[in-house]
Amino acid sequence: AKMIPIDDITSPNTNPGFLHVTYYHRDGIDLSSIDQNDLVVQRQWGDRELIPLKLLEKTESLDRGEVTATYEIQQQRAFSNANPVFIPSDAIASVESTISVTGVNTFVRAIQIDVDISHTWTGDLIAKLTSPSGKSVTLFSQVGNDGDNFNNTRFDDSADISIRNGRSPFEGSFRPEESLDIFHGDPIDGIWKLEMVDVFPEDGG
């Protein structure tokens, strides 16, 4: 990603959903190589989430050594699966909850994961998220010792507290054990899988 001076970014009042960025030819950079991942925009107020963008047309002017690229500011999208998945208490078990995403036709810029898990002794649990491309991230692994439950818990790379430093019941936002940035640039469309492993019998949820 490139650091772009604020003077090089404009958003005409007639098109508030777009912004234009001027890239300058420096150090032999090939101007035709600008792609979807060249610009990252982050809010300066409130939560520090990234603002997703989509690269539209670009106009090259080689004699002036610059490119003006147009980005569309994407609306945040939310996808959920509210169907409960039961974790048995009489055996070591692995269960899955999936979300099928279609028709988005764009790529991951930033991602947050919300979970609601009712389970005694959270230290028994390991949770992994797998994207449609097959990449996996461990959200948490045996945290909270003998405490109970994840209550509307959010996993966000920009959260102040790591999930390993949290206490059950886990409420609010936490950084996952592994960064969600691995999904950056992956297609959103497809099957997202949340796998929950209960490594000890006796407690369920």
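**Exercise 1. Count the aromatic pairs in this predicted model, then classify the pair Phe150 and Phe170.**

Solution. 
- The structure holds five aromatic pairs.
- In one of them, the ring centres of Phe150 and Phe170 are 4.7 Å apart, with 15° between the planes.
- Planes under 30 degrees apart count as stacked. The pair of Phe150 and Phe170 is therefore stacked.

**Exercise 2. Where in the chain do Phe150 and Phe170 sit, and are they buried or exposed?**

Solution. 
- Phe150 belongs to strand β11 (residues 150-155). Phe170 belongs to strand β12 (residues 170-174).
- Buried means under 20% relative accessible area. Phe150 has 0% relative accessibility, so Phe150 is buried. Phe170 also has 0%, so Phe170 is buried.

**Exercise 3. Classify the pair Phe170 and Phe174, and find the cluster that holds both.**

Solution. 
- The ring centres of Phe170 and Phe174 lie 5.8 Å apart, and the planes stand at 85°.
- Angles over 60 degrees count as edge-to-face, so this is the class of the pair Phe170 and Phe174.
- Phe174 has a relative accessible area of 6%, so Phe174 is buried.
- Phe170 and Phe174 belong to one aromatic cluster with Phe140, Phe150 and Phe155.

**Exercise 4. Describe the chain as a whole: how many helices and strands, and what share of residues is buried?**

Solution. 
- The chain has 13 strands and zero helices.
- Of its 205 residues, 35% count as buried.
- The accessible surface is about 12200 Å², and carbon and sulfur atoms make up 47% of that surface.

Notes: Residues are numbered from 1 along each chain as its sequence is written. This is a predicted model: local features need pLDDT of at least 70, side-chain atom pairs count only at pLDDT 80 or more; totals for chains, interfaces and linings use all residues. Side-chain values use heavy atoms; hydrogens and water are left out. Rings of Phe, Tyr and Trp (its six-membered ring) pair if their centres lie within 6.5 Å; planes under 30 degrees apart count as stacked, over 60 as edge-to-face and the rest as tilted. Helices (H or I, at least four residues) and strands (E, at least two) are DSSP runs, numbered from the N terminus. Buried means under 20% relative accessible area, exposed over 50%, partly exposed in between (1.4 Å probe, protein chains only). Accessible areas come from the Shrake-Rupley method with a 1.4 Å probe; for residues, only the protein chains shown count as cover.
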